[in-house]
Structure formats: structure tokens, C-alpha cells
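Please read this briefing alongside the sequence and the 3D view shown here. It takes the features by topic.

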Amino acid sequence: AFDFTKLDEFADELPDNATKFSCVRDNVTGLIWEVKQANTGILPNTQLREGKNHYSWFYTGEGNGGVSGVAAAAKSSCPSDIDCGIETYVAQVNAANYCGANNWRIPSYNELMGLMDLDKQGNGPLIDKVYFPNLPNVNTLGHLRYWTKETSADGQSLSFAWILDFQTGNDLAYPKTSTAYLRLVRTP
């Protein structure tokens, strides 16, 4: 079962009917999730946390399998024209003290899977749009794939990382040189 609470810019609780909120607490796991900004800019001139921004997988932290990936701006979309890697995005959100915290990180496979509502298969995005608005248009990239922090151990190469597709419910090993969306998480 899903049980979410909307939080303001200081991570204080808001009523369920609040229309302006900054992050969401999963009351089952205790994790706090990033809520994306409205998609107002035209790619690549977007704001930092717009839902339609997509990133290459560049991550030097635990779970990268010894292959950091590439921080390519050419294929990605974000406010930077130099580095649109996921690690840079995490650093920028933490520097902004988003939602009153600076411990935002890339979710694990299992953490991200915890947001996926498989009962919605065939009926649009597999995430609660009331609590997670401002999703990208599926036509932008042709998918709703979100990065995890984990390199794929599929036996082919360490140049792939796990993604979860919130349109289809599939997971797959995805080339780190490709782009996907990103939703950050933190512990309280």
C-alpha cells in the first residue's frame, strides 16, 4: 500500500489537499522524495529541477562497478551546457538545500521500485501523479525511464546501469552513455 505526505520547502507536513509542495515523505519507508518543478522552459533552457530534464549516468559513488559513465551535455538536457551527469545534479540540489536538506542522493533500484504502482499498468504512468506531478511527456524521449545508482551486473559490460520505466513497469540495463530521468531521495 502507498501512504504519502506532502511536505513544504522546509520539510514540514502539509495537508493532503495542498497544491503547492516541495517534497513527499513515503510513510511506509520513511524516505523523502524529490518533487519535480513544473515544466516551463524549452529544452535546453530549463530550471534545475524541471521534470523533463534528462541526464547521462555519471556517478563515482558506491555501486558504479568501477565505471563512472560520462557527463555528456550533448545528449542530455539540463541548465548546464557542460555537465548533465546525475552526480552533478545531486550536487546542485544539495547546494540549494532543497526541501531543507543537503543529503539528497540517487535512489537504489529497490527504493525507486517502491514508488512504482504496478496496478496502473496500461493506464498511464505507474506513479501517483497527485504526489509526483510534473512528469515529462513520454514523447520527449519515448519513455519514462529513471536512473538508479546501481551498475548492471548483467555480464555484458559495466557500462550499463539499472533503470526503471514508469510507463511500462520494465527494468533494464541501460547504457550509461544514454539519457534518462532522475528523481532524488533522502533519509530524514
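How many disulfides does the count come to? The count comes to one disulfide, a disulfide being a pair of cysteine sulfur atoms within 2.5 Å. This is a predicted model, in which local features need pLDDT of at least 70 and side-chain atom pairs count only at pLDDT 80 or more, while totals for chains, interfaces and linings use all residues. Residues are numbered from 1 along each chain as its sequence is written, and side-chain values use heavy atoms, with hydrogens and water left out.

**Overall build**

- The protein chain has three helices and nine strands, where helices (H or I, at least four residues) and strands (E, at least two) are DSSP runs numbered from the N terminus.
- Read from the N terminus, the elements of the protein chain follow the order β-β-β-β-α-α-α-β-β-β-β-β.
- Of the 188 residues in the protein chain, 47% are buried; buried means under 20% relative accessible area, exposed over 50%, and partly exposed in between (1.4 Å probe, protein chains only).
- The protein chain exposes about 8700 Å², of which carbon and sulfur atoms supply 50%; accessible areas come from the Shrake-Rupley method with a 1.4 Å probe, and for residues only the protein chains shown count as cover.
- Among contacts (heavy atoms within 4.5 Å) in the protein chain between residues at least 6 apart in sequence, 57% join residues at least 24 apart.

**The disulfide**

- The disulfide joins C23 to C99, with an S to S distance of 1.8 Å, and the link is left-handed, with -55° about the S-S bond.
- C23 lies in strand 2 (residues 23-26), whereas C99 lies in the loop between helix 1 (86-95) and helix 2 (109-113), so the pair ties together parts that are 76 residues apart in sequence.
- C23 counts as buried at 0% relative accessibility, and C99 is also buried, with a relative accessible area of 3%.

- An open sheet of three strands has the order 5-6-7 with antiparallel pairing, where two strands pair if DSSP finds at least two bridges between them.
- Strand 5 (145-151) and strand 7 (171-175) stand at the edges, each with a single partner strand, and therefore one side of each is left without a neighbour in the sheet.
- The twist in this sheet averages 40° from one strand to the next; for such angles, axes are lines fitted to C-alpha atoms (for helices over the stretch in contact), and angles run from 0 to 180 degrees between N-to-C directions.
- Strand 5 pairs with strand 6 (residues 160-165) in the antiparallel sense over four bridges, and Y146 stands opposite L164 in strand 6.
- As background, strands of a sheet pair through backbone hydrogen bonds, either parallel or antiparallel.

**T148 and its surroundings**

- T148 has its place in strand 5 and counts as buried, at 0% relative accessibility.
- The side chain of T148 reaches the backbone oxygen of W162 at 2.8 Å.
- Leaving aside residues up to four places away in sequence, T148 touches W57, I106, P107, S108, Y109, L112 and W162.

**Helix 1 and the residue after it**

- The buried residues of helix 1 are I86, T88, Y89, V90, V93 and N94, and these buried residues pack against strand 3 (32-34), strand 4 (55-56) and strand 5.
- Just after helix 1, N97 takes a positive phi of about 55°, although N97 is not a glycine.
- N97 lies in the loop between helix 1 and helix 2 and is partly exposed, with a relative accessible area of 40%.

**The loop between helix 2 and helix 3**

- N134 is found in the loop between helix 2 and helix 3, and the phi of N134 is near 65°, a positive value in a residue other than glycine.
- At 27% relative accessibility, N134 counts as partly exposed.
- N123 is found in the loop between helix 2 and helix 3 (138-141), and N123 is exposed, with a relative accessible area of 62%.
- N123 and T168 are 45 residues apart in sequence, and in space they are 9.7 Å apart, C-alpha to C-alpha.

Technical notes: A polar contact is a pair of N or O atoms within 3.5 Å; within protein, one must be able to donate a hydrogen and the other to accept it, and residues adjacent in sequence count only if both atoms are side-chain atoms.
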